[in-house]
Protein chains: 2
Amino acid sequence: MTPIDFWYSIGSTYSYLTILRLPKVARKEGVDIRWRPFNVRHVMVEQNNIPFKDKPIKTAYMWRDIERRAPRYGLSPKLPAPYPLSGLVLANQVALLGFEEGWGEAYTRVTYRRWFEAGQPAGENPNLCDSLVEVGQDPVRVVEIAQSQEIVDALERETAQAMELGVFGSPSFVVKDEVFWGDDRLEDAIAWAKFGRL
Amino acid sequence: MTPIDFWYSIGSTYSYLTILRLPKVARKEGVDIRWRPFNVRHVMVEQNNIPFKDKPIKTAYMWRDIERRAPRYGLSPKLPAPYPLSGLVLANQVALLGFEEGWGEAYTRVTYRRWFEAGQPAGENPNLCDSLVEVGQDPVRVVEIAQSQEIVDALERETAQAMELGVFGSPSFVVKDEVFWGDDRLEDAIAWAKFGRL
């Protein structure tokens, strides 16, 4: 079956729903998911597409929409979570390193839990250190490598690739050359991967 | 059961999916829907929340997303449809008059079909006249009344009420004081009307 590339940024609000429910959904549906952190803020600034800045009504709706949908997935977020994240770039550099070393998915999930359920912004302390320790990593080592030129460049390359594919928001799911945007399009992406149609 | 107020503007792209599938869904689910045309453009300008202006990547995605989802509802739109509509305000004034006289839903559906399936912009001719004739109305009479101060004021009052409720886009579904935004939230709104939760 066609794999699904799951493009996301730690820093995206709706991605909380996806990141916490995705492993269970993927197992149940038998689909292969590749987690691809990127810098959605860079894409949004480039494309003049900032979803919630200076939009209080839409922002309030977004939190309420997440709050209503979370129980469906067994989640109990404490909303609104701190937003936007000043540590967005570092959070995703750490995730990218994590995928090179095998703990990227675990880190993404625990840092989102702390952000959305304990009110601690991802990409900064205490969330950053505590999440790394929880997934068995040395925070000093990880943060140093995550800020190295190699990882800085790697995240920029991933972000450029996301843009080439037509990704403009997080979460997005890419099945071959079809982009599906939003937690609410996960089921569409799975259907496309399985059947080539909805 | 709590009724659902369906706030929409002729001029909204995703509302095509809702408007064409809603009567069937409402019958099947046994829910009571009140159709409420308003001027979403006014709300978007007020709130600095223009979804597709100067956003070519997001706009291309929107058309593709609608194209992929339409067959699920038995629809075959010819996309992209002409957008944005210069006759948005008149189209919705006509709809509002139509609801006072009992042909508002029929007009909304036939004008959307012409717009999305024959490529004729709603709110201007030939779409406007042909749609009115199709629902048994005299276009000259209707267009004159639709532009009268009474209907102009009525659409502005409806738009103000939509904003008071927290509506910021089309389509939106309001169940008591809960707002659900987007064609993809119709099922959430129905669940809320029936059970008070998702």
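Mentor: Two strands are said to pair if DSSP finds at least two bridges between them; strands (E, at least two residues) and helices (H or I, at least four) are DSSP runs, numbered from the N terminus. The model is predicted: local features need pLDDT of at least 70, and side-chain atom pairs count only at pLDDT 80 or more, whereas totals for chains, interfaces and linings use all residues. Residues are numbered from 1 along each chain as its sequence is written, while chains are lettered from A and ligands numbered from 1 in the order in which they are written.

Trainee: How do you know that strand 1 and strand 2 of chain B pair?

Mentor: Strand 1 (residues 4–8) of chain B is joined to strand 2 of chain B by 5 bridges, and the definition asks for at least two, so the strands pair. They run parallel, and Phe6(B) has Trp35(B) of strand 2 as its bridge partner.

Trainee: What sheet do these strands of chain B belong to?

Mentor: They belong to an open sheet of 4 strands in chain B, with the order 2-1-3-4 and mixed pairing. On average, neighbouring strands of this sheet are turned by 25° against each other, direction ignored.

Trainee: Why do strand 2 and strand 4 of chain B stand at the edges?

Mentor: Strand 2 (33–37) and strand 4 (178–181) of chain B each have a single partner strand, so one side of each is left without a neighbour in the sheet.

Trainee: In chain A, what unit do strand 1, helix 1 and strand 2 make?

Mentor: In chain A, strand 1, helix 1 (residues 15–29) and strand 2 make a right-handed β-α-β unit. The term applies if, with the strands pointing away from the viewer, the path from the first strand over the helix to the second runs clockwise. Strand 1 (residues 4–8) and strand 2 (residues 33–37) of chain A run parallel and are joined by 5 bridges; Trp7(A) stands opposite Arg36(A) of strand 2.

Trainee: Why are helix 4 and helix 8 of chain A called roughly perpendicular?

Mentor: The axes of helix 4 (residues 88–101) and helix 8 (residues 149–165) of chain A come within 10 Å and cross at roughly 95°. Angles of 65 to 115 degrees count as roughly perpendicular, and these two helices of chain A are therefore described in that way. Among the residues making the contact are Leu96(A) and Leu97(A) of helix 4 and Ile151(A) and Leu155(A) of helix 8. By class, the contact has 6 nonpolar, 2 polar and 1 charged residues.

Trainee: At what angle do the axes of helix 4 and helix 8 of chain B cross?

Mentor: In chain B, these axes cross at roughly 95° and come within 10 Å; helix 4 and helix 8 of chain B are therefore roughly perpendicular as well.

Trainee: What relation superposes chain A on chain B?

Mentor: A rotation of 180° with 0.0 Å of shift along its axis superposes chain A on chain B, with an RMSD of 0.0 Å. That is the relation of a two-fold axis. In chain A, the C-alpha nearest this axis belongs to Asp184(A), 3.8 Å away.

Trainee: How do you know that the copies meet through the same surface?

Mentor: Of the interface residues of chain A, 100% are also interface residues in chain B, so the copies meet through the same surface. Contact (C-beta atoms, placed from the backbone, within 7 Å) links 18 residues of chain A with 18 residues of chain B. Helix 3 (56–69) and strand 4 (178–181) of chain A each supply at least two residues of that side of chain A, and its largest share, 5 residues, comes from helix 3.

How values were computed:
Least-squares fit on C-alpha atoms with pLDDT ≥ 70 in both. Contact = placed C-beta atoms within 7 Å. Axes fitted to C-alpha atoms, helices over the stretch in contact; angles between N-to-C directions. Parallel < 35°, antiparallel > 145°, perpendicular 65-115°, else oblique. Nonpolar A, V, L, I, M, F, W, Y, C, P; charged D, E, K, R; others polar.
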